[in-house]
Amino acid sequence: VGEGAQTLIAIPDGAGRVAVADPSILDLKLIDEKVLLVGQAPGKTTVIVWSKNGKHRHTFTVVVRGHS
């Protein structure tokens with residue numbers, strides 16, 4: 001994800017809850033069971049997404065690239 005850019009990701013079983021390790025690097029929003037990633041500052045952080053039914057947890061490492 002680029003700094004200041006957004007990416008929408010779909011989770012196979014629908015996202016119900018999200019958490020980010022470092023919100024100064026990445027902001028998250030739930031939109032219709034999908035996760036909107038918004039790059040805040042260059043760096044790397046961990047994102048955890050729990051399925052809507054609570055049965056699955058997905059963990060991602062997200063890198064935010066700075067402006068070129």
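Which residue forms a salt bridge with K29, and how far apart are the closest N and O atoms?

## The K29 salt bridge

In this predicted model, the partner of K29 is D27, and the closest N and O atoms of the pair are 2.8 Å apart. This is one of two salt bridges that the structure holds.

K29 is partly exposed, with a relative accessible area of 40%. D27 is also partly exposed, at a relative accessible area of 26%.

## The E33 salt bridge

A salt bridge is also formed between E33 and K52, with 2.8 Å between the closest N and O atoms. E33 is located in the loop between β3 (26-31) and β4 (34-39), whereas K52 belongs to the loop between β5 (43-51) and β6 (57-64); the pair therefore ties together parts that are 19 residues apart in sequence.

With a relative accessible area of 34%, E33 is partly exposed. K52 counts as exposed, because its relative accessibility is 55% and the cut-off for that class is over 50%.

V35 is found in strand β4. Its relative accessible area is 0%, so V35 is buried.

Leaving aside neighbours within four places in sequence, V35 is in contact with T7, L8, I9, I11, A15, V18, L28, K29, L30 and V49. K29, one of these contacts, is the residue that forms a salt bridge with D27. G16 lies 19 residues from V35 along the chain, and the C-alpha atoms of the two residues are separated by 9.3 Å.

Note on methods: Residues numbered from 1 in each chain as written. Predicted model: local features only at pLDDT ≥ 70, side-chain atom pairs only at ≥ 80, totals over all residues. Heavy atoms only, no water. Salt bridge = Lys/Arg side-chain N within 4 Å of Asp/Glu carboxyl O. Buried < 20%, exposed > 50% of the residue type's maximum accessible area, 1.4 Å probe, protein only. Helix = DSSP H or I, 4+ residues; strand = E, 2+ residues; numbered from the N terminus. Contact = heavy atoms within 4.5 Å.
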